[in-house]
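Biologist: I am new to this structure and would like to learn how to read it, feature by feature. Could we go through it together slowly?

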Amino acid sequence: MKIIEVDAYYLPKDLGDQVKDFRTEVVEDEGVAIRLKIPTVDKILIENLFGYLKKSRQIYLSRLPIKRIINILDEASRKWLDRSYPYRELALKTIPVITGFSREVVEASIDAEMESSLGEDMWRALCSEIKNPLYLDDFQYSPELKGYTRAYGPEAIVSIFTQNIPALPHLSFMRSALLKAACLGKGATGEPTFAPLYLKTIEEIDPEMAKCMAVLYWRGGEEEIETAVFRQADAVILFGGIETCASLLEKIPRKVKALVHGHKLGFGVIGRGRLNRQGLEDLAQAVAQDCSMFDQQACLAPHVYYLEEKGKVSPKEFCEALAKAMEAIHVKMPRGKISSGEASAIHQLRGRYELRELKGEDVLLLTSRHGTDWTVVYEKNPGTFSPSPLNRFIRVYGVEDIFQILPILESIGPFLQNAAVAIGDEREMEFIKRLGELGVARITSPGKMSVPTMMWHHDGISPLASLLRWCDIEKKDEIGGI
Amino acid sequence: MMKELPEEVLSLDEKIIGFIRKGLDHQDSEAFNELALQVFDLQFKYIPVYRRYCEKRGVTPEKISSWDQIPPLSTDVFKVMEISMLPSHTVRTFMTSGTARPEEKGKVGYDEGGLRLMDVTIHEAASTFLFPDKVKTTLLIIAPSPEMVPQMIMAYGMNRLREYFGLPESRFLVGKEGFEVKVLIDELRRSEKGGIPVTICGGSFGFVNFFDHCREKKLRFELPPGSRTLDAGGFKGRSREVKREEFVSDCEAVLGIKKEYCINLLGMTEISSQFYDNTLESFLKGLNLPRAKVNPPWTRTQVVDPDTLEPLPPGKIGVLRHFDLANRGHIAAIQTDDLGRLASEGFEVFGRSKEGEARGCSLTIDEMTHIKKES
């Protein structure tokens, strides 16, 4: 048995002696044992930690020019994109064992996350949300205001991670740093190793900045710790299921700003104008990519692809091409291991579709040759939105007219997030307008569902601007301005 | 007047009934296999969609020689279509409870012969596992009567137990107004006084509600020797899960019934036979075997890998697949989504396999179901 020891936490070095004791959790899979070192968290540790983080932030990060911050974060992303970077190597050893994702899926996830987190992306994200990133450094002239203005980030942000999507927790640390805020992340049980490694990268590049960041783990619902944490925070970023978010929100004091990223649904839409022989393989490959990234477990992934009938290629024919593409991706980037319940759910659902197909209904079931690796189902739009059991199970619904799906989407409006849209004719803009009205937060092309940019208004909110406080100088020049 | 079942069906039913009536100690693998193949032969012949399903897998009656080569259908299939060997002969349709997703109830149609097969299994299995001591008891059934819920297979089965084994005072205790707790309490007091043992039976969760009630009201019973409990259904889809140890210790604390007399039953709408715990039978035989569900000789249970569906060896956890000769009227081989494992005495069942908690950040089917229920 190969044993890998890894920290499921990150604390600034000066606080090393604050932790009274550690426990070890072991996760094993196929001859590899990951020993997770987890510090015992108590109220005193939380209070001391926040004192330290806030002080470090005050004397260093709050005074660091935004360009320098971006350079540090950019360097961190580039290190993670380097295939020989030791922490990346380590993450590729630990995350597959802990999550069940294949190494290839984890690699693709790290690449996707880090490629969209480069310096230019961060600069543009700030420009998009606050126009001039230099507002974060000092008062700057605002032509609209015809005066000077400055933005202040929170002192300390707490981010609660609950999901296992590899490499995603870095977003909260990156956003906090861009806001010049200290940040404590609560590690996810599902994948606690990436965030500590990411902070070690920050420490390599700028040890002073790393003193403003930490990752700890405690069991969700531990009242005393959560109360202490939320009392110290100015802002909270929550990732999690509907129930988890709702119960956490109850504990967050009203003065603390909270950004909630609850579980969401994605879908795709392809109009008849885009269903041609030419480009069929590419389109199928793009859709397969959307369904396979993160093994479909990210909120960005589609549950359903709606295809319009009467194109040159029928939705059913498209499914045949999609099945080939799903298999090709599975060979390159295998689906990870899934639980008994998940596998059983896929078999049960396949059983239903297979029998309906055999009974002569207008249904097509295409599956991986072995196990539950991937599943493509075609049926005529049943008029309801059925969530996928995920893990590369995609339903393709045939619709006569793409606008017919709008009432169905309306019923799940609050959960809509990401949509791939390719209508291929003049109706596209009208259709997109309607999706926007229904609550969709991102519209992209097939194949790009899993790679939003840093500029995206994540879940429909401005993740940076929402947490800022502004000070405007509205003094008139003639009375004696700056 | 419904026409008679085809001759070949009637004659097969006779053979199966003969096999079942030989009882629980009659192990004859060869005869079982022979009957299983005959059942498959007829289901293949009469159910076109199943025939196509088997043919797609390269399986025809001529090509197989063993029951475990018969292709199983998933329980979920019954949610999207009615699959019966002789749909025009269906006299009774049972529906799954749909606790997990109320909008999706599975339906299983039974013909006269199928009901008769079920009746025989109920009699034989209960004789061995519920009343091996042949004690006559009053059946107090925490379930609605079949007249109230004709589609509930548990009500049907409990009613048969009442007819076959119950004293005349036996009765159902869930009426139009719900669970008649007061009546149950009165009956239990009467049993205490009169010394006539009772069999309390019903859904597992009904018991838990009753225990909660008794604790609240500080009620305790000392039921006469020979009293017993039969609980079915487990706790799937319930907000509160109760461990078996807790359940049996409550039976003792509240009812004065020893743990060996607490018998759990796995029954499913899709399976005509019932799988009882060996607890009482083993205790009375002085064997002290570990608790397990026992396969009556006319059934088989396999545990298969949840992903590849390949059979797993004893001890390994997977999903359960049952084969039941008494399922002649629909599909004999059924793939469930219950997790369990084979044990030396039979098998263990751990309940329905959940789709798993959300691992990523996508909305899950369970969350979606929850939302639909609330709105």
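Modeller: Let us begin with how elements are named: helices and strands are DSSP runs, numbered from the N terminus, where a helix has at least four residues and a strand at least two. Please keep in mind throughout that this is a predicted model.

Biologist: What is the phi of A:Phe294, and is A:Phe294 buried or exposed?

Modeller: A:Phe294 has a positive phi of about 50°, although this residue is not a glycine. Buried means under 20% relative accessible area, and A:Phe294, at 1% relative accessibility, therefore counts as buried. In chain B, B:Leu309 also has a positive phi, of about 65°, and is not a glycine; B:Leu309 is found in the loop between β11 (299-304) and β12 (318-324), and at 23% relative accessibility counts as partly exposed.

Biologist: Which residues of α2(A) are buried, and what covers them?

Modeller: The buried residues of α2(A) are A:Ile66, A:Ile69, A:Ile70, A:Ile72, A:Leu73, A:Asp74, A:Ala76, A:Ser77 and A:Trp80. Their cover includes the chain A helices α3 (86-99), α4 (103-115), α5 (119-130), α6 (170-178), α7 (194-205) and α8 (207-210).

Biologist: How should I read the packing of α2(A) against α4(A)?

Modeller: Two packed helices are described by the angle between their axes and by the distance between the axes. Here the axes of α2(A) and α4(A) come within 9 Å and cross at roughly 155°. Angles over 145 degrees count as roughly antiparallel, and α2(A) and α4(A) are therefore roughly antiparallel to each other. Their crossing is left-handed, and the contact is made by A:Ser77, A:Trp80 and A:Leu81 of α2(A) with A:Ile110, A:Asp111, A:Met114 and A:Glu115 of α4(A). The residues of this contact divide into 4 nonpolar, 1 polar and 2 charged.

Biologist: At what angle do α3(A) and α4(A) pack?

Modeller: The angle between α3(A) and α4(A) is about 130°, with their axes 9 Å apart, and the two helices are therefore oblique to each other. The crossing of α3(A) and α4(A) is right-handed. In this contact, A:Arg88, A:Glu89, A:Leu92, A:Ile95 and A:Pro96 of α3(A) meet A:Arg103, A:Val106, A:Glu107, A:Ile110 and A:Asp111 of α4(A), and the residues divide into 5 nonpolar, no polar and 5 charged.

Biologist: Where does B:Gly106 lie, and which residues does B:Gly106 touch?

Modeller: B:Gly106 lies in the loop between β2 (92-95) and β3 (107-110) of chain B, and is buried, with a relative accessible area of 1%. Leaving aside residues up to four places away in sequence, B:Gly106 touches B:Phe78, B:Lys79, B:Phe94, B:Met95 and B:Thr96. From C-alpha to C-alpha, B:Gly106 and B:Val77 are 7.7 Å apart in space, and they are 29 residues apart in sequence.

Technical notes: Residues are numbered from 1 along each chain as its sequence is written. Chains are lettered from A and ligands numbered from 1 in the order in which they are written. This is a predicted model: local features need pLDDT of at least 70, side-chain atom pairs count only at pLDDT 80 or more; totals for chains, interfaces and linings use all residues. Side-chain values use heavy atoms; hydrogens and water are left out. Buried means under 20% relative accessible area, exposed over 50%, partly exposed in between (1.4 Å probe, protein chains only). Contact means heavy atoms within 4.5 Å. Axes are lines fitted to C-alpha atoms, for helices over the stretch in contact, and angles run from 0 to 180 degrees between N-to-C directions. Angles under 35 degrees count as roughly parallel, over 145 as roughly antiparallel, 65 to 115 as roughly perpendicular and the rest as oblique. A crossing is left-handed if the near helix is turned anticlockwise from the far one by less than a right angle, and right-handed if clockwise. Ala, Val, Leu, Ile, Met, Phe, Trp, Tyr, Cys and Pro count as nonpolar, Asp, Glu, Lys and Arg as charged, and the others, Gly among them, as polar.
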